[in-house]
Amino acid sequence: MEDIVRRQLISDVPLCTLLSGGLDSSALTALAGRALGAEPVRSFAVDFADETGGFVPDDLRETPDGPYVHDVAKHVGSDHADVVLSNDQLASPASMDSVLRARDLPAMGDMDSSLYLLFAEIRRHSTVALSGESADEVFGGYRWFHDPDAVAADAFPWSGAMLGAGLGLLDRTLRDRANAYERERYHEALTEVPHVPGADARERRMREICYLHLTRMVRMLLDRKDRMSMAVGLEVRVPFCDHRLVEYVFNTPWSHKTYDGREKSLLRGAVADVLPRSVVRRRKSPYPATQNPGYERMIRTRLEEVVADSSSPVLPYLDVGAVREALRRPMGAASLQPDRLPLERALALHDWLAAYRPRHVA
């Protein structure tokens, strides 16, 4: 890891790290600070304007990023800045259109708009950024790696989590076709896995799970990051994708990857000496999302207008009754991201159809 970071710090333009206060980005920031010596590493974190007065834990995020970000910045001595985003920025038509044009696909709500806006602000100060992306896929960090039901399911292990739940308002026939397509791709992917002779059933299955993440999941996330960053002229480097590290860790037994009973045991053990204890003890928390009810209100208002317009191109693809039922729920019922994502995805599909006007061939 030290060698990888030193190599990826080579640049003749201003460079920084993306810091979330999680294990991955904190490790890169600490190693970059050590490699740079007397010159402080620059770091940036995203945060959201708050109208509620406090963070609300949910199934995905137990703690807010801010305190851990600042622990790392102080520990490393980085030149740090928080990029605080408002509802108007996250839900503005200009931001959403920029994200849509960058992705060429329906966006993932504030997860995409916040990333785009974060990169745009960073680009005002730096041209290259180091990101902790891919560490979860390489080291086994996602919660479904450690969920027996997800591991045993005859499906991509992330299907039942947030990414799949975002399609809940689509027309039932369309959802059934999408699920059938996904099952085909899943079984196709399993035929590619290079198994180790003599491995027991547990090791064999976890090797499949790791392979699926390295060949399917991470490709989607890296495409998203590349598109959001290149849209504003920022180069984002991903040290955890170094082929030497990926090949070495992939061939490490799962029992070693979880030797202390936690996620990303190998990485945690390797970098514990360069991080504050608060971060070493912190559980996995994914990329942050706003909990501001003002953002939910803006999303609801736009989706209500879409459903009320009989000419909306998205209506044939939605379960309109389910959309209206979701919109009748009290405000605040979708301020947490897993509950809000179906609304965001329905609206994003409308925006994509309206902008690109694809022709549907049955």
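What volume does the second largest cavity have? I found about 40 Å³ for the second largest cavity, where a cavity is a set of points on a 1 Å grid over the protein atoms alone at which a 1.4 Å probe fits but cannot get out, and where a volume is the space filled by probe spheres set on the points, which are joined across faces, edges and corners.

Before going on, I note that this is a predicted model, in which local features need pLDDT of at least 70 and side-chain atom pairs count only at pLDDT 80 or more, while totals for chains, interfaces and linings use all residues. Residues are numbered from 1 along each chain as its sequence is written, and side-chain values use heavy atoms, with hydrogens and water left out.

**Cavities**

I then looked up which residues line the second largest cavity, taking as lining those with an atom within 4 Å of a point, and they are A45, V46, D47, D65, G66, V69, H70 and D82. Strand 2 (42-48) and helix 3 (66-76) are the elements that give two or more residues to this lining; helices (H or I, at least four residues) and strands (E, at least two) are DSSP runs numbered from the N terminus. By class I noted 3 nonpolar, 2 polar and 3 charged residues, with Ala, Val, Leu, Ile, Met, Phe, Trp, Tyr, Cys and Pro counted as nonpolar, Asp, Glu, Lys and Arg as charged, and the others, Gly among them, as polar.

The structure holds 3 cavities of 30 Å³ or more, and the largest cavity contains about 160 Å³ of space. Its lining has 14 residues, of which M96, A107, G109, A348 and D351 are the closest to the centre. Helix 18 gives the most to this lining, with 4 residues, and I counted the classes as 9 nonpolar, 2 polar and 3 charged.

**Pockets**

For the open spaces, a pocket is an open set of grid points with protein on both sides within 12 Å along at least five of seven lines. The largest pocket holds about 1600 Å³ of space, and L167, A178, Y181, M220 and R345 are the closest to its centre among the 39 residues that line it. Which element gives the most to that lining? I found that helix 10 does, with 9 residues, and that the lining as a whole divides into 22 nonpolar, 6 polar and 11 charged residues.

The second largest pocket has about 1100 Å³ of space and is lined by 49 residues, with D136, K284, S285, P286 and Y287 nearest its centre. Here the largest share of the lining comes from helix 11, with 5 residues, and the classes are 24 nonpolar, 9 polar and 16 charged.

**Helix 12**

I next examined helix 12 (residues 243-250), in which L245, V246, V249 and F250 are buried, buried meaning under 20% relative accessible area, exposed over 50% and partly exposed in between (1.4 Å probe, protein chains only). These four lie on the same side of helix 12 because they cover an arc of only 120° around the axis, the arc being that of the directions from the helix axis to the C-beta atoms. On the other side of helix 12, H243 and Y248 are exposed.

The buried residues of helix 12 pack against helix 1 (2-8), helix 7 (135-139), helix 11 (201-230) and helix 13 (254-257), with contact taken as heavy atoms within 4.5 Å. At the start of helix 12, I found a side-chain oxygen of D242 within 2.9 Å of the backbone nitrogen of R244.

**Single residues**

Is Q291 buried or exposed? Q291 is buried, with a relative accessible area of 18%, and I placed Q291 in the loop between helix 15 (277-281) and helix 16. A polar atom of the Q291 side chain lies 2.7 Å from the backbone oxygen of V56.

R297 has its place in helix 16 and counts as partly exposed, at 44% relative accessibility. R297 lies 35 residues from G332 in sequence and 8.7 Å from it in space, C-alpha to C-alpha.

M111, in helix 6, counts as buried at 9% relative accessibility. My last entry is that 9.2 Å separates the C-alpha atoms of M111 and Q337, which are 226 residues apart along the chain.

Technical notes: A polar contact is a pair of N or O atoms within 3.5 Å; within protein, one must be able to donate a hydrogen and the other to accept it, and residues adjacent in sequence count only if both atoms are side-chain atoms.
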